[in-house]
Protein chains: 6
Amino acid sequence: MFISIEKLQNEIPQSNPDPKAANALQEVLGGKFGEMRVMMQYMFQTFNFRGTAKPYQDLLRSIASEEIGHVELVSYTINMMLEGSTNSSDDPTSLTMSSALDSPNIHHFLVAGQSSRPVDAVGNPFLGEYIYDSGHLPLDLIYNLIAEATGSLQMCRLYQMSDNKAFRATLAFLIARDHAHQKAWAKALELMGVKWSDQIFAIPHFDFSKLPEVKEHMERNLHNQQWTFTNGPSQMSKIFSGESPFGKDQTLEAIDGFPVGFSIPQLPEAPQEFSSGLLQSGIMDKISQKI
Amino acid sequence: MFISIEKLQNEIPQSNPDPKAANALQEVLGGKFGEMRVMMQYMFQTFNFRGTAKPYQDLLRSIASEEIGHVELVSYTINMMLEGSTNSSDDPTSLTMSSALDSPNIHHFLVAGQSSRPVDAVGNPFLGEYIYDSGHLPLDLIYNLIAEATGSLQMCRLYQMSDNKAFRATLAFLIARDHAHQKAWAKALELMGVKWSDQIFAIPHFDFSKLPEVKEHMERNLHNQQWTFTNGPSQMSKIFSGESPFGKDQTLEAIDGFPVGFSIPQLPEAPQEFSSGLLQSGIMDKISQKI
Amino acid sequence: MFISIEKLQNEIPQSNPDPKAANALQEVLGGKFGEMRVMMQYMFQTFNFRGTAKPYQDLLRSIASEEIGHVELVSYTINMMLEGSTNSSDDPTSLTMSSALDSPNIHHFLVAGQSSRPVDAVGNPFLGEYIYDSGHLPLDLIYNLIAEATGSLQMCRLYQMSDNKAFRATLAFLIARDHAHQKAWAKALELMGVKWSDQIFAIPHFDFSKLPEVKEHMERNLHNQQWTFTNGPSQMSKIFSGESPFGKDQTLEAIDGFPVGFSIPQLPEAPQEFSSGLLQSGIMDKISQKI
Amino acid sequence: MFISIEKLQNEIPQSNPDPKAANALQEVLGGKFGEMRVMMQYMFQTFNFRGTAKPYQDLLRSIASEEIGHVELVSYTINMMLEGSTNSSDDPTSLTMSSALDSPNIHHFLVAGQSSRPVDAVGNPFLGEYIYDSGHLPLDLIYNLIAEATGSLQMCRLYQMSDNKAFRATLAFLIARDHAHQKAWAKALELMGVKWSDQIFAIPHFDFSKLPEVKEHMERNLHNQQWTFTNGPSQMSKIFSGESPFGKDQTLEAIDGFPVGFSIPQLPEAPQEFSSGLLQSGIMDKISQKI
Amino acid sequence: MFISIEKLQNEIPQSNPDPKAANALQEVLGGKFGEMRVMMQYMFQTFNFRGTAKPYQDLLRSIASEEIGHVELVSYTINMMLEGSTNSSDDPTSLTMSSALDSPNIHHFLVAGQSSRPVDAVGNPFLGEYIYDSGHLPLDLIYNLIAEATGSLQMCRLYQMSDNKAFRATLAFLIARDHAHQKAWAKALELMGVKWSDQIFAIPHFDFSKLPEVKEHMERNLHNQQWTFTNGPSQMSKIFSGESPFGKDQTLEAIDGFPVGFSIPQLPEAPQEFSSGLLQSGIMDKISQKI
Amino acid sequence: MFISIEKLQNEIPQSNPDPKAANALQEVLGGKFGEMRVMMQYMFQTFNFRGTAKPYQDLLRSIASEEIGHVELVSYTINMMLEGSTNSSDDPTSLTMSSALDSPNIHHFLVAGQSSRPVDAVGNPFLGEYIYDSGHLPLDLIYNLIAEATGSLQMCRLYQMSDNKAFRATLAFLIARDHAHQKAWAKALELMGVKWSDQIFAIPHFDFSKLPEVKEHMERNLHNQQWTFTNGPSQMSKIFSGESPFGKDQTLEAIDGFPVGFSIPQLPEAPQEFSSGLLQSGIMDKISQKI
């Protein structure tokens with residue numbers, strides 16, 4: 001069972017409308033190595049877990065739970081970046097949405113109401129096929145490690161594509177979290193005997209403190225922490241603790257529960273999109289007396 | 001943000017190995033109108049919500065959160081029904097897994113470790129394409145209504161295919177919950193002016209108390225209740241309260257928080273599947289000193 | 001059995017080459033809620049119809065038949081808008097088709113011969129997966145209602161993206177027809193007991209007479225009419241008649257047969273596309289003596 | 001524009017319930033070389049036709065129109081063969097639909113209401129990707145020729161898989177028609193200069209009069225005829241006439257209009273499927289007073 | 001550039017017709033971790049290789065080349081196992097192919113001519129989406145390692161499903177080769193600093209000499225060897241040499257060129273399949289005078 | 001079995017960065033009628049070959065082998081054209097990759113490391129579904145003929161879209177080769193009795209010597225030659241010899257073995273892509289002492 005906490009895991013700064021960068025960020029939402037995929041992958045590995053190595057299942061459950069919030073965070077970031085890229089008008093024959101024809105994914109405006117979609121950055125829909133769950137724990141863990149590494153690599157490439165504030169803020173947060181997750185899976189395997197190279201990991205190998213938004217998170221030690229994201233006890237810290245598997249004098253820190261979080265932004269009506277559809281029709285007036 | 005509660009929403013009774021019925025149940029997990037789909041659909045509608053009708057967003061968020069637990073419940077039910085359908089042996093050349101060749105989805109045994117898969121009952125993978133989110137609130141709500149109705153229809157058909165105890169227990173629970181959800185979306189639309197027919201709804205129109213497992217849940221009023229599935233305040237009850245939109249002297253009941261739940265079953269090692277893979281290799285011995 | 005009437009259901013005005021808007025219109029042809037989908041969906045519901053409520057089957061058959069013509073109309077509109085966007089030349093090494101590299105769907109020029117494709121506006125191919133046919137008549141009817149509503153919503157969004165004449169003419173015609181279809185399915189359900197809200201429907205709720213091209217069709221009452229699109233008797237009018245299910249003093253009007261229609265445009269040769277391929281090769285000379 | 005004629009192109013004899021053979025027949029409906037595909041392919045080629053070789057466009061239009069009726073015919077045949085494979089019961093807890101677990105496509109019973117689906121014989125959904133339309137007329141015609149040949153080859157393989165009467169009747173009719181269509185496309189290319197081998201064609205090369213159901217159709221010359229399937233004039237006969245392109249002293253015969261056809265069977269209610277859903281709910285009583 | 005050597009890499013023993021096991025083996029051909037996928041994956045990594053670490057590119061090229069032969073080997077094995085599962089007859093109305101209705105993939109008989117297909121063991125077609133090529137060499141190498149490990153895991157599961165001789169012979173050969181490939185990728189990463197655990201690898205961790213067919217290959221040291229599969233010089237041995245990365249006193253052995261190989265079996269005509277189609281038609285007589 | 005020859009079949013001239021044309025060329029790599037498809041299609045037809053017409057199987061094997069090299073050639077051409085379209089920088093916060101947002105396929109930069117992808121020109125992944133293999137030899141041969149013709153048609157359209165040198169060089173080479181392949185399949189069918197029209201073929205019918213890059217290859221007779229691409233004997237020349245099936249006084253020429261070929265270009269590191277990833281991390285220093 002899962003419950004929602006009505007907060008975002010990170011803050012999304014105000015930004016200019018930027019449908020191109022918003023579309024690029026779709027890779028992190030619905031792409032082959034995006035958040036929808038790792039969320040579902042870790043869920044399946046948690047639910048299908050076999051055997052008695054409970055701390056491993058607890059680790060899977062915690063990160064699975066965290067990833068739901070990543071889907072939420074990326075979805076909101078895309079929405080904030082799409083906001084304002086088309087406009088409403090009193091004249092229904094005016095070309096209020098012509099910019100959609102130049103947008104990399106017209107579905108943001110045509111199928112959704114100027115909002116995020118369960119697709120990647122070239123518009124291909126999310127596939128359940130992406131989900132990896134072999135039942136063989138060490139194999140699943142290595143796959144998880146490179147799933148995070150691939151996501152991290154892609155986000156570092158994205159970072160160089162736009163300096164939109166909302167875009168970089170969300171990427172920086174997720175880069176820090178993906179590094180913590182790389183450490184989690186690597187540590188889980190280290191306990192089984194693998195010794196990782198601190199020259200390869202975390203992937204991509206690079207001094208992230210050069211990226212100011214990531215540096216800020218690193219100063220808060222976000223890249224070495226893992227919340228349990230559960231309301232109950234967890235044996236996760238039997239794995240996620242001690243020295244980082246990638247060395248460098250870093251110490252893993254498990255924390256019970258979940259972070260305080262940030263307010264969820266409220267998206268305004270977009271009448272040109274007939275979204276929510278309640279204003280033009282007068283329904284809002286009607287229901288506002290009741291709710 | 002979301003957190004996990006380490007409980008199942010319903011109990012799964014012990015059952016015999018039954019890969020055929022287990023496979024049929026995959027439709028409820030990864031099918032076009034299965035739990036993965038409604039979970040993701042309601043999430044997208046929550047995150048992409050526009051305007052100020054906050055009680056509607058709260059309702060979407062609550063049911064989205066509940067559905068994550070449904071994915072979990074169905075996944076575990078399939079696992080319990082697959083359990084025991086192949087066997088381990090000391091002789092690695094023996095045909096311990098030959099039954100897989102007669103199973104409707106060989107991937108349960110070949111790709112996964114005798115466990116659930118993100119696919120439907122004919123083995124087609126889950127598609128992000130299934131997710132509906134138009135941005136137009138009334139339209140989304142009607143779609144949600146028929147998504148639940150279609151799910152319910154399919155589960156009523158499934159119920160007639162097998163009397164496996166675990167199978168029927170999970171179906172019965174979900175039939176009751178889908179009815180509550182049909183009422184939720186229908187009520188949300190009723191506030192906007194639609195008057196539903198009590199002859200059509202809840203779909204499929206039928207006296208469910210004739211199904212003993214469903215009757216039990218109805219006696220607990222499960223088909224008229226909705227938990228908020230959040231740790232905070234919610235305006236959901238501004239919608240989900242008062243008379244059922246389908247009449248019949250029933251009253252909708254909103255409840256803060258989440259139910260107590262049931263223990264999560266622990267799946268045993270399946271050495272023939274090399275799952276978890278820790279026993280044969282001696283890794284379990286090694287890590288058990290550390291965790 | 002079906003036969004063709006060599007006419008279009010609406011006229012397509014001459015327009016400038018406009019591959020971007022043409023591509024946007026692909027959503028109406030091959031998209032998830034496009035004409036290919038509703039055509040196939042209504043056919044399957046007609047052929048798989050169970051029981052004795054023949055007027056319902058007749059209604060399904062009529063609208064299915066009409067939709068084939070919509071596929072034709074949208075296909076021709078796209079072709080008319082693509083026409084002239086690349087050019088032929090006597091010099092085969094000249095860059096006659098370089099504009100294709102800037103077109104949103106290069107397949108219009110590379111795979112097809114400057115013509116429409118069975119894909120949506122982001123280039124994803126039509127999927128049989130879109131087709132909904134549950135066998136449960138009321139459920140199918142509600143789904144049909146929101147399929148039309150979703151199509152209508154998308155076309156109203158498209159209308160704001162371009163003022164290309166051919167584009168808006170076809171959208172306006174289809175918006176009027178989709179409204180008639182929303183009424184058809186809503187009326188069919190009204191007979192079963194549902195009372196629709198005139199504040200929600202037809203979706204998107206909006207005074208369409210503000211769109212001049214739609215207004216023209218409304219003045220001809222096109223949004224309240226339904227031809228039987230068959231050569232024989234039909235009980236369709238037992239459903240499609242009387243007051244509109246959305247009120248507003250409108251009366252539904254069933255008409256036997258099919259409209260007069262408009263001449264089908266003839267597309268010229270496109271030698272740069274080797275389409276039809278008969279000119280350069282001299283085949284046209286050869287066969288013109290025979291045919 | 002297209003209209004429906006409420007007749008089937010061939011008669012479907014009564015048959016025993018046979019879900020396995022019914023499922024095999026799905027290949028002819030929704031498979032890569034099934035009727036949905038050729039219907040859509042010929043439509044796209046008709047609508048996207050370029051140049052002045054009007055008889056070729058007329059031929060495409062006629063066969064496209066005929067194929068819609070083939071989709072209908074195969075759909076009804078599958079339905080007739082599924083009929084009776086599950087049963088209704090007064091006891092809703094009885095296992096009336098357990099046979100669905102042994103059926104090759106459980107979706108016939110679980111997703112549809114014991115009826116045909118837009119999928120192939122292994123359950124993979126129809127793909128718009130199948131449709132071939134290059135814009136180059138000779139190329140399209142050769143592709144059409146082998147599309148029909150492939151369909152015919154598959155139907156000849158199917159014929160050997162079951163002697164179910166409905167199954168063989170529909171296959172035999174379509175084998176005869178596919179041969180006529182192979183001749184149509186081959187003749188169209190012969191006019192352009194290709195000389196086909198009577199040793200290769202029609203594919204599969206084989207004395208079809210040995211199949212009694214096909215022989216009957218051949219005696220009516222069905223394999224050499226082509227109706228125009230339009231209500232108006234057509235230049236189709238400028239191509240489809242004279243000697244068969246495959247020799248053997250056969251003469252092609254073009255016929256204006258469309259055949260008389262056969263009554264469309266009426267499928268009974270299937271209460272176990274909640275299909276149509278009108279009986280159990282009492283809706284049928286209600287609407288029967290109105291319609 | 002690549003050339004063919006008309007030999008198989010391993011011998012396929014005669015076996016009984018076994019369409020169920022043959023279908024299971026499709027996973028190894030067209031599955032997500034099958035031979036088509038690794039072949040294409042290693043090709044893309046070879047062609048897209050960046051930088052000067054030439055021995056790594058040579059290793060990729062060699063294993064890519066080897067995998068083409070694995071596609072061939074599995075394809076022939078499936079064909080040998082399908083052979084004889086349907087029969088020809090002089091009576092074209094007899095049910096020579098009725099067994100196809102009980103086969104797990106009817107397409108083996110209906111779409112192909114009793115032969116292998118580019119699909120997995122549940123009939124889902126191969127997807128280019130499977131191919132992983134990130135451009136980041138260490139990441140690609142780890143992915144390759146677990147691609148081989150996953151393939152190996154699946155083949156060890158398959159081994160327990162049937163004792164068909166052809167089935168087990170091909171599995172045993174590929175298990176041995178996959179282990180050599182796991183060593184290749186692991187060694188390539190070991191040079192970069194990773195120390196692998198001999199308790200985890202090769203996956204699945206298990207004494208393979210207990211499988212008699214694998215043991216035979218191990219006695220020939222096949223699990224420690226790598227041919228260059230090129231006609232020219234290769235720096236592959238700079239990586240593939242020295243101690244196995246998984247320890248156990250094993251030494252890696254690079255060999256120039258390619259193995260001698262085994263004769264390719266010749267598949268007989270299958271007249272019931274119209275395959276090759278040359279016999280019934282008399283074409284074989286005709287061309288045999290010319291070729 | 002197959003081996004690699006470390007040469008390209010044609011030379012790729014230096015060109016400017018051109019991500020748009022590079023993306024268009026993806027159709028030739030991963031498109032429905034691209035090189036990956038014909039490579040796999042001919043392989044399946046070779047491996048699944050039935051009967052004794054060995055020269056036909058040898059022809060299939062030779063062209064299958066050649067096509068692997070075409071995949072390689074197109075892959076490298078795309079890479080050469082992508083090269084330089086993004087840049088590295090010492091400042092990790094600079095927008096070195098912003099051009100990716102304007103590229104038609106952002107995955108070239110985001111998923112791959114500025115390199116080719118297994119997708120078509122609209123970004124849709126390669127599908128195993130494309131592969132045609134009916135088992136009926138004449139049918140397979142006609143399909144192969146039009147597969148080559150369709151590929152050729154598309155490449156002639158592409159030629160008119162850009163005059164990038166690398167782009168046109170590779171297209172010209174493949175146009176010449178596709179024509180040789182059209183002749184191969186047509187000749188194979190001519191032996192069975194079909195007489196092709198020299199007015200239709202080779203498709204597209206057009207004087208290719210007007211394209212200077214193609215003319216050069218024609219002067220070397222490349223459009224009439226076929227290497228065996230094997231190290232052993234081959235009966236291919238029993239088919240591929242004598243007069244061209246398309247007339248015009250051309251003679252087919254079979255050649256044993258394979259051409260000399262051209263050096264394979266070496267792609268530089270792309271640090272902005274973290275590709276290969278060895279430079280920034282210091283791994284290159286480390287391994288360069290060992291390899």
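Predicted model: local features only at pLDDT ≥ 70, side-chain atom pairs only at ≥ 80, totals over all residues.
## A helix pair in chain E

Helix α5(E), residues 137-159, packs against helix α6(E), residues 165-190, at an angle of about 160°. The two helices are therefore roughly antiparallel to each other.

What separates the axes of α5(E) and α6(E), and by how many Å? Their axes lie 9 Å apart, and α5(E) passes α6(E) in a left-handed crossing. Sorted by class, the residues in this helix contact are 16 nonpolar, six polar and three charged.

## Where chains A and B meet

Next comes the contact between chains A and B, to which chain B brings 75 residues and chain A brings 74. On the chain B side, the elements giving two or more residues are β1 (2-4), α2 (35-47), α3 (54-82), α5 (137-159) and α8 (283-288). Which of these gives the most? That is α3(B), with 10 residues. The class breakdown for the side of chain B that touches chain A is 39 nonpolar, 24 polar and 12 charged residues.

Strand β1 of chain A, residues 2-4, joins β1(B) in the antiparallel sense, over three bridges. Within this pairing, Ile3(A) has Ile3(B) as its bridge partner.

## Where chains C and F meet

Chain F has its own contact with chain C, made by 23 residues of chain F and 24 residues of chain C. On the chain F side, α1 (19-30) and α5 (137-159) each supply at least two residues. The largest share of that side comes from α5(F), with five residues. Taken by class, the side of chain F that touches chain C holds 12 nonpolar, six polar and five charged residues.

## Strand pairing inside chain F

Staying with chain F, we can follow strand β4(F), residues 251-255, through two pairings. With β2(F), residues 225-227, β4(F) pairs in the parallel sense over three bridges. Here Gln226(F) stands opposite Ala254(F) of β4(F).

In which sense does β3(F) pair with β4(F), parallel or antiparallel? Strand β3(F), residues 242-243, pairs with β4(F) in the antiparallel sense, over two bridges. In this pairing, Glu243(F) is found opposite Thr251(F) of β4(F).

Definitions and conventions. Residues numbered from 1 in each chain as written. Chains lettered and ligands numbered in written order. Contact = placed C-beta atoms within 7 Å. Helix = DSSP H or I, 4+ residues; strand = E, 2+ residues; numbered from the N terminus. Nonpolar A, V, L, I, M, F, W, Y, C, P; charged D, E, K, R; others polar. Pairing = 2+ DSSP bridges. Axes fitted to C-alpha atoms, helices over the stretch in contact; angles between N-to-C directions. Parallel < 35°, antiparallel > 145°, perpendicular 65-115°, else oblique. Left-handed = near helix turned anticlockwise from the far one by under 90°.
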